[in-house]
Amino acid sequence: MGRAAGTVAGAVLVLAAVATACTPPQLDRADARRTSRPPATAAPLASPGFPPTADRARDQLDRLTVAWGKNWQTYQRSEFGEGWSDETDAPGGRNGCDTRDDVLRRDLRDLREDARNPCAVLSGTLRDPYTGRELPYHYRRASQIQTDHVVALGAAWRAGAWAWTPDRRLTYANDLDVLLAADKETNYAKSSWTPDKWKPPRKEYWCEYGRRWTGIKAKYALTVTAPEKRALQELLATCG
């Protein structure tokens, strides 16, 4: 090799070494996702006074407008936004955490969070409110836990959300007051039924279910059907 060729080769090696030294180590995709957001803030994960007491819920129920649902045939999930969003003013909004992570942090016990990003839940246990089953959760493993809209998006649509702005629908879909971590199979069975057509299998939860459902309807000025109102009265009657 001549002097010129050797000089060029040496320069190439030096540049390669510099480039390597300046390139940060590659994170795997999961690490990148966990470290890409700021730590969770101490923002409350529920509105003050939610769910309402039984007496408050009974008063709210008496004030709700009774009407049959409308525009059920025009409902689409995309009307409430594409997936979860932190960009709302609902409880938990704008706190740097994904909505689903907020629900897990609130509803799971024996919680273990990622040390680099407390938004991310690594493991925990859910006592499913609808069935009483103990459901384990582990990050990046298949889980029986889903995030349920207590008053489902389809039910909210029929009860007045069809007339809302897109921003209000996005807020509703990500409002932690509307959401619960729940057993997947039971959530599928619940679907978008109102309480006159579906109640939690675990009767011990009927009181709180009625309080939550009524509180959500009152918070968003949604209507109730006559059969739905009677069913809610029955649920609230279990509160004593």
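Let's start in a loop. Arg94 lies in the loop between H3 and H4. One thing to keep in mind throughout: this is a predicted model. Back to Arg94. This residue has a positive phi of about 55°, and it is not a glycine. Why point that out? Because most residues other than glycine have a negative phi.

Where does Ala221 lie? Look in the loop between H8 and helix H9, which covers 226–237. Ala221 counts as exposed, because its relative accessibility is 64% and the cut-off for exposed is over 50%.

While we are on the backbone, go to Phe50 and Pro51. A cis peptide bond joins them, with omega at about -5°. Most peptide bonds are trans. Pro51 sits in the loop between helix H2 (29–35) and H3.

Now step back to the whole chain. How many helices and strands does the protein chain have? Nine helices and five strands. What order do they come in? From the N terminus, read α-α-α-α-β-β-β-β-α-α-β-α-α-α. The chain has 240 residues, and 47% of them count as buried. Then the contacts. Take those with a separation of 6 or more: 70% of them are between residues 24 or more positions apart. And the surface. The accessible surface of the chain is about 12,800 Å², and 55% of it belongs to carbon and sulfur atoms.

Next, helix H6, residues 166–173. Which residues are buried here? Arg169, Leu170, Tyr172 and Ala173. Look down the axis of H6. The buried residues fall within an arc of 160°, so they line one face of the helix. What do they pack against? Two strands come up: S4 (145–149) and S5 (179–183). Two helices do as well: H5 (153–158) and H8 (206–219).

Stay with Arg169. It counts as buried because its relative accessibility is 6%, and the cut-off for buried is under 20%. Arg169 also has a charged partner. It forms a salt bridge with Glu79, and the closest N and O atoms are 3.3 Å apart. Where are the two ends? Arg169 is in helix H6, while Glu79 is in the loop between helix H3 (54–63) and H4. Glu79 is partly exposed, at 28% relative accessibility.

How many salt bridges are there in total? The count comes to 19. Let me show you two more.

One is between Asp107 and Arg106. Their closest N and O atoms are 2.6 Å apart. Asp107 is partly exposed, with a relative accessible area of 22%. Arg106 is partly exposed too, at 24%.

The other joins Glu134 and Arg109. Their side chains meet at 2.4 Å, N to O. Glu134 is in strand S3, residues 134–138, and Arg109 is in strand S1, residues 109–113. The two are 25 residues apart, and the pair links distant parts of the chain. This bridge does not stand alone. Salt bridges that share partners join Arg109, Asp110, Arg127 and Glu134 into one network. What about exposure? Glu134 counts as partly exposed, at 42% relative accessibility. Arg109 is partly exposed as well, with a relative accessible area of 38%.

Last stop: Asp102. Find it in helix H4, residues 99–107. Is Asp102 buried or exposed? Buried, because its relative accessible area is 2% and buried means under 20%. Which residues does Asp102 touch? Then the list is Leu45, Gly92, Asn95, Cys97 and Leu176.

A quick recap. The buried residues of H6 line one face of the helix. Arg169 reaches Glu79 through a salt bridge. And Asp102, in helix H4, is buried. Thank you.

Definitions and conventions
Residues numbered from 1 in each chain as written. Predicted model: local features only at pLDDT ≥ 70, side-chain atom pairs only at ≥ 80, totals over all residues. Heavy atoms only, no water. Helix = DSSP H or I, 4+ residues; strand = E, 2+ residues; numbered from the N terminus. Buried < 20%, exposed > 50% of the residue type's maximum accessible area, 1.4 Å probe, protein only. Contact = heavy atoms within 4.5 Å. Arc of directions from axis to C-beta. Salt bridge = Lys/Arg side-chain N within 4 Å of Asp/Glu carboxyl O. Areas by Shrake-Rupley, 256 points an atom, 1.4 Å probe, with all protein chains shown as cover. Lists of a residue's contacts leave out its neighbours within four places in sequence.
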